[in-house]
Amino acid sequence: MLNKILASFGIGAAKVDARLTNQHVRIGEDLKGEIHIQGGSVEQSISQIYMYLFTYYYREGNDNETLHKEVLATFRVSDTLEISPGEKKVLPFQLNVPYHTPISHNKQRVYLSTGLDIERAIDPKDLDPVVVHPDPLMEDVFRQMDSLGFRQTYESGKCKHVRHIHRAVPFVQEFEYKPLGTFRDRLDEIELIFEIYESGMDILMQVDKRANNIMGIFAEALDLDEKYVRFSVYRETGVPANLIENKIREVLG
């Protein structure tokens with residue numbers, strides 16, 4: 001009886017450990033691995049085994065920035081099962097990483113949480129970092145930015161809250177670049193936002209022009225120096241050569 005009471009507080013209760021076969025994964029691919037359950041000191045009934053992928057994003061308001069947790073996808077691995085004292089169970093899993101998942105970049109992180117739902121007891125949990133790599137189309141765009149002499153800022157890759165967007169999540173991941181090459185005299189900054197989907201991706205580019213005269217300074221003060229361009233690329237044809245340079249020059253005129 002005492003063991004059951006202690007187990008309800010997590011002492012001598014069952015434990016869970018998710019072991020990933022592939023901790024590194026691309027957007028749209030599957031995470032694979034095994035869930036290891038170790039029985040405690042008493043028999044326990046597990047109503048379900050759940051997993052969810054999550055990240056954090058920042059939201060600005062009242063002159064400060066707050067951090068918020070966002071669940072990207074949830075997965076139910078198993079229904080009710082019994083675990084005897086000291087018993088070991090191993091369950092395989094395969095979970096898809098959705099296209100709206102941010103990549104692991106700079107300080108931006110993605111995690112996989114695994115838990116056992118045990119009635120009238122503290123739920124045992126396990127937390128694992130997941131390294132999410134860019135989609136191949138994103139990598140091609142990043143390479144073009146690098147070849148043009150752009151370098152990402154310290155804040156690049158940060159997920160930020162955006163209002164009134166038709167997305168599965170309430171944020172976008174922004175990639176900020178400073179020009180160090182050809183465009184350093186004409187641009188202050190470029191920001192890229194990617195919308196990934198099965199057949200390709202949409203790119204929203206914000207081009208921030210450098211103020212070179214009194215009119216430019218006036219425009220900068222009113223944010224009139226910021227121009228936006230949206231375009232798409234597809235897996236069937238890939239990212240065209242010089243695409244980014246051509247889009248920048250179109251904005252600059």
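Reply: In this predicted model, Glu-191 touches Glu-174, Phe-175, Glu-176, Leu-204, Met-205 and Gln-206, leaving aside residues up to four places away in sequence. Glu-191 belongs to strand 13, which covers residues 187-197. Although Glu-191 is buried, this residue has no salt bridge. The nearest side chain of opposite charge is that of Lys-160, 5.4 Å away, whereas a salt bridge requires the nitrogen and the carboxyl oxygen to lie within 4 Å.

Elsewhere, charged side chains do pair: 13 salt bridges are found in a search of the whole structure. One of them joins Arg-235 to Asp-135, with the closest N and O atoms 2.7 Å apart. This pair links distant parts of the chain, 100 residues apart: Arg-235 sits in the loop between strand 15 and helix 4, and Asp-135 in the loop between strand 9 and helix 2. Asp-135 is buried, because its relative accessible area is 3%, while Arg-235, at 33%, counts as partly exposed.

A further salt bridge brings together the side chains of Arg-26 and Glu-139, at 3.3 Å from N to O. Arg-26 lies in strand 2 and Glu-139 in helix 2, so this pair ties together parts that are 113 residues apart in sequence. Arg-26 is partly exposed at 26% relative accessibility, and Glu-139 is partly exposed at 22%.

Arg-19 and Asp-17 also meet through their side chains in a salt bridge, at 2.9 Å from N to O. Arg-19 counts as partly exposed at 46% relative accessibility, as does Asp-17 at 27%.

Conventions:
Residues numbered from 1 in each chain as written. Predicted model: local features only at pLDDT ≥ 70, side-chain atom pairs only at ≥ 80, totals over all residues. Heavy atoms only, no water. Helix = DSSP H or I, 4+ residues; strand = E, 2+ residues; numbered from the N terminus. Buried < 20%, exposed > 50% of the residue type's maximum accessible area, 1.4 Å probe, protein only. Lys, Arg positive; Asp, Glu negative; His and termini not counted. Contact = heavy atoms within 4.5 Å.
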